[in-house]
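Biologist: I'd like to learn how to read a structure like this one. Could you walk me through some of its features?

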Amino acid sequence: MITSISIRNFGLIDSISIDFDPILNVFTGETGAGKSILIDALRFALGEKIGQSQIRDTGSPCVVEAVFDLSDKYLNEYPPIREYITNEDSSLIISRTYLPGGKNTIKLNGFNLTLSQLKEIGNHLVDFHGPNDHQILLAPDMHIKILDRIADIDELMKSYYAGHEVYVELLGKKKKLEEMESTKDRETELLAHQIKELEQVPLDEEQCASIIEEQSRLSNAVALGEEIAKLLELFESPPYGISETVSSAFSSMKKLTALDPGTRRMFDLLESVQINISDLTAELKKYADSLSFDHKDAENVNRQCDVYYEIKRKYGPLLDDARKFYDNAKEKYSLISDIEMSSRDLAGNINSSRQKITKIADKISAARLKTADRLKDTIEDELVELGIKHAKFECRVERTELNRYGSDNVTFYISPNAGEPLKPLSEIVSSGEAARLMLALKKALIQVDPIPVLIFDEIDSQIGGRLGTITGNKLKEIAAHRQVILITHLPQIASFADKHFKVTKKVEKNRTVTQVLDLNKDQRIEELAQMMSGENETDISKKHAKDMLAKAKRD
């Protein structure tokens, strides 16, 4: 459940904090006071986008912090949240800040989150229902999703999705094979040419770089030879070559050392110079020998470089791209070369895959049919309690071709009036009936839907006062299993609250500010009386308010 929310600099809100009841929380107040702003702030905290117009002061940070207390049962049903929870504390603190300039910071128990991570977690914490959300019931493609949630067939659906993905992939290969059949000869010739072209050299970047380096060295061989010859002449040309000059210095150096032993270090240095000159001369000669090359080898190196440049131009820009093209071409060539064998193998795989997912689809259909019967009884009972006394409901499960969701088409049918035939929900249901059907379905989903918090933003907007008490009682039943937060304009519904908040607005320093009051018993009576009779409550409306609270408590 959500235990509290703190909001700063959002909409008409300067700064407020709200502590929630674990059961049924109701917000009331005049139109425009900012009731829906509270819901928008929570949506923002859980990943919704925010516009500049929703920031009260664009020069200051907008901060919303929501605190949740999660049960072990919920954590077992949604394990990803466990990594943010300690053994000592089951609280989950989500803090989202919108900074001037548009940057967002998101924290979950101190951990940084991305917006996509926040949305994923938020979808598993709170289920929002706005005043028009019941319209989703009119979309037939939603009916199968609702039925599946009630049927609790997640594991079966996972198996089916995996198998169906393989089946669709095989059908795609079959279609490609059929397209290849018509252009087999031309395709085979082209692929053979491409494969031969790509097999001329190893498709390896290191080997390519080595060949290009070798080509550069061979291209510069003449110039390199000339420079080496100059260096060798400097070292070895008599009588003034560097090697001979250094050698001739030893005679004088020996005499110097004999006369003054303190110059021995100079002798050692001269000896070191002679050794280094000898080593360098040997390296220069070795390098000069390596510059001699065979013209055929040079031609081969140049040819390989040309091949690499051409391959990169046609299949690159990288050799890795060319290698991928080569692998695909080989696979395609093999497929086309033995297209009849490939077709037989593929047909066998498709048949095997179809049989596998058909068996799973049959199990899914059986579960749906069983659940559809149970759902019919549940919804009809709930609708009677919600004031549609002669309602008939049916969830029709009809067989279709295999598709992403199995082999069924699911449609909700309803007859809200006695003697009328059942028709598709989208054709005849009114907005008020749809709102009540949404509540009936939400009641049916309680046992399998793990989301701990339900938020209804004026879901009662299509329900008259006559049905307010019935709807309030139904919400109270739902709140016994899930925490409910509700915005309502009906006093009959508000009377069922375990915690009743009044949203007001006032002017401070020439600016309108939203406030939230946690009402005590006397204040609740006043608020309910005002909701019934207007701003100036009467003794009669107060008496009605007291009676309403007493009745709601008994119910």
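Predicted model: local features only at pLDDT ≥ 70, side-chain atom pairs only at ≥ 80, totals over all residues.

Biologist: Let's begin with helices. What describes two packed helices?

Modeller: The angle between their axes and the distance between the axes describe such a pair. Here, take helix α9 (residues 242-259) and helix α10 (residues 264-290): their axes come within 10 Å and cross at roughly 165 degrees. Angles over 145 degrees count as roughly antiparallel, so α9 is roughly antiparallel to α10. The crossing of α9 and α10 is left-handed.

Biologist: Which residues of α9 and α10 make the contact?

Modeller: From α9, they include Val246, Phe250, Met253 and Lys254. From α10, Phe267, Leu270, Glu271 and Ile277 are among them. Sorted by class, the contact of α9 with α10 has 11 nonpolar, five polar and three charged residues.

Biologist: Now strands. How many bridges join β14 to β15, and in which direction do the strands run?

Modeller: Strand β14 (residues 499-508) is joined by eight bridges to strand β15 (residues 511-518), and the two run antiparallel. To find your place in this pairing, look for lysine 506, which stands opposite valine 513 in β15. β14 and β15 form a hairpin with two residues between them, and in the turn lysine 509 has a positive phi of about 55 degrees. β14 also pairs with strand β3 (residues 24-28), in parallel, through four bridges. There, threonine 28 faces lysine 502 of β14.

Biologist: What is the order of the strands in the open sheet of three?

Modeller: The order is β9-β10-β11, with antiparallel pairing. Strand β10 (residues 406-415) meets β11 over two bridges, and isoleucine 414 has lysine 423 in β11 as its bridge partner. Helix α4 (residues 140-151) packs on this sheet, where it touches β9 and β10; the direction of α4 makes about 105 degrees with that of β10.

Biologist: And a single residue? Where is the place of serine 334?

Modeller: Serine 334 lies in helix α12 (residues 319-337). Its relative accessibility is 46%, so serine 334 counts as partly exposed. For a sense of distance, compare sequence with space: serine 334 and serine 248 are 86 residues apart along the chain, and their C-alpha atoms are separated by 76 Å.

Terms used: Residues numbered from 1 in each chain as written. Heavy atoms only, no water. Axes fitted to C-alpha atoms, helices over the stretch in contact; angles between N-to-C directions. Parallel < 35°, antiparallel > 145°, perpendicular 65-115°, else oblique. Left-handed = near helix turned anticlockwise from the far one by under 90°. Contact = heavy atoms within 4.5 Å. Nonpolar A, V, L, I, M, F, W, Y, C, P; charged D, E, K, R; others polar. Pairing = 2+ DSSP bridges. Buried < 20%, exposed > 50% of the residue type's maximum accessible area, 1.4 Å probe, protein only.
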